[in-house]
Amino acid sequence: MNVGIPREQNSRETRVAIVPSVIRQLKRDGHEILVESGAGLAAHFPDEQYAAEGARILTQTAELYRESDIILGVQAPADAGLLRQGSIWIGMLAPQSNRALVSAMAERNITTYAMEYVPRITRAQNMDALSSMATVAGYKSVLLAADTIGKMFPLLMTAAGTVHPAVVLVLGAGVAGLQAIATAKRLGAKVEAFDPRPAVREQVKSLGAAFIEMEIAEDAETAGGYARQMSEEFIRKEMAAISSRLPKVDVVISTAQVFGKRAPILISKEMVRLLKPGSVIVDLAAEQGGNCELTRPGETVREGGVTCIGPVNLPASIPSDASQMYARNITNLLLHLFPKGNPNSDTTDEIVRGCCITRDGKIVNDAVRQALQEGAQS
Ligand code: NAD
């Protein structure tokens with residue numbers, strides 16, 4: 001099959017879906033790779049590197065879409081009309097916020113697979129772009145904080161006296177939170193963390209961070225490993241526990257999310273006043289509404305000496321490694337969906353069913369169909 005890699009249309013997107021090093025693997029399975037000229041440039045992969053691996057470089061966007069059987073993207077295309085009728089698109093579709101696009105993809109008989117809907121099962125770990133991108137975001141969140149606070153992270157004993165280590169509080173210790181903990185520890189900070197899922201306590205401790213003790217709800221985790229939406233009573237107690245820690249911390253990295261829902265507010269405006277002047281909050285849940293009441297997605301807000309950063313698309317700020325990881329994930333998914341270039345014939349396969357959003361002119365994913373119907377009614 002002809003696999004096309006277009007330039008990302010969102011001007012702020014620096015990642016690219018395929019990096020030169022995975023092309024050999026795709027060609028071994030019989031695929032031809034077409035790359036739009038400049039597609040990898042922002043991630044530091046020039047056309048020559050793709051060509052050296054055997055990709056064909058096309059200068060016209062329309063030609064790339066016309067000649068491709070499968071398009072691999074990072075973000076969803078701006079317009080389904082670009083894609084050839086009956087072709088296949090794989091990437092981060094964000095179907096909830098791209099409702100019109102999803103319907104248009106179905107109408108144009110385009111088969112779409114959303115990377116976010118790859119089931120988070122052991123067998124699909126090497127296709128799990130959500131985890132890869134959360135790893136990048138968790139790492140970068142700590143660098144942003146370190147670059148913003150007016151103190152150093154490690155304990156230093158110098159002739160000019162002792163510099164005390166920064167204290168970092170991480171809220172939500174999933175993939176991003178655990179990477180934030182590990183990064184802050186490597187920089188020498190004292191780290192503490194909280195997450196309502198019982199399994200997380202040991203993971204936090206194994207990274208050398210302290211776990212904030214609270215009564216953990218035993219039913220906090222879904223069968224899929226995600227957190228449930230916690231009760232108001234639980235969140236109230238959690239906010240009290242966080243409040244008791246805030247006067248002592250220099251940095252808060254908040255990553256708490258509940259799949260498919262608005263992120264829980266864990267730090268109210270009043271609670272922000274408990275932080276010392278110069279402290280920093282990096283709210284990785286900004287795109288899902290934020291964990292802090294001050295958060296504005298894509299903006300940095302300063303209030304009472306505290307800086308609250310609400311980053312959007314942090315993985316795009318480390319485009320080279322983020323693209324490498326994403327490219328491996330999407331390649332593994334493509335080879336699973338189309339082994340040796342033929343559609344995976346196992347219709348019961350959890351991965352194929354889980355991430356297929358549109359096929360045969362219809363929206364075939366129940367969760368997406370339901371969410372789109374609810375959105376249309378509201
Ligand atoms: P996520 O981005 O949905 O949420 C981030 C974290 O926020 C989670 O750890 C969640 O427990 C936490 N959270 C939710 N409500 C909170 C609250 N009120 N206070 C504090 N924290 C709160 O989750 P994620 O990082 O994408 O993944 C979560 C988990 O899913 C992983 O740690 C893992 O157990 C599981 N997972 C499994 C696989 C796999 O098996 N292939 C892959 C990825 C993730």
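**Charges, fold and sheet**

Modeller: Charges to start with: the protein chain carries 39 positive side chains (Lys and Arg) and 41 negative ones (Asp and Glu), with His and the chain ends not counted. The centres of the two sets sit 3 Å apart, placing each charge at NZ of Lys, CZ of Arg, CG of Asp or CD of Glu.

Mind you, this is a predicted model: local features need pLDDT of at least 70, side-chain atom pairs count only at pLDDT 80 or more, and totals for chains, interfaces and linings use all residues. Residues are numbered from 1 along each chain as its sequence is written, and side-chain values use heavy atoms, leaving out hydrogens and water.

The protein chain has 12 helices and 17 strands, which are DSSP runs numbered from the N terminus (helices are H or I, at least four residues; strands are E, at least two). Of its 378 residues, 51% are buried, meaning under 20% relative accessible area with a 1.4 Å probe, protein chains only.

Now the part you asked for. Eight strands make an open sheet with mixed pairing, ordered S3-S2-S1-S4-S5-S6-S16-S17; two strands pair if DSSP finds at least two bridges between them. Strands S3 (56–58) and S17 (362–363) are at the edges with a single partner strand each, so one side of each has no neighbour in the sheet.

Zooming in, S1 (residues 2–5) and S2 (residues 32–36) run parallel, joined by four bridges. Ile 5, for one, has Val 35 in S2 as its bridge partner. In general, strands of a sheet pair through backbone hydrogen bonds, either parallel or antiparallel.

How values were computed
Buried < 20%, exposed > 50% of the residue type's maximum accessible area, 1.4 Å probe, protein only.
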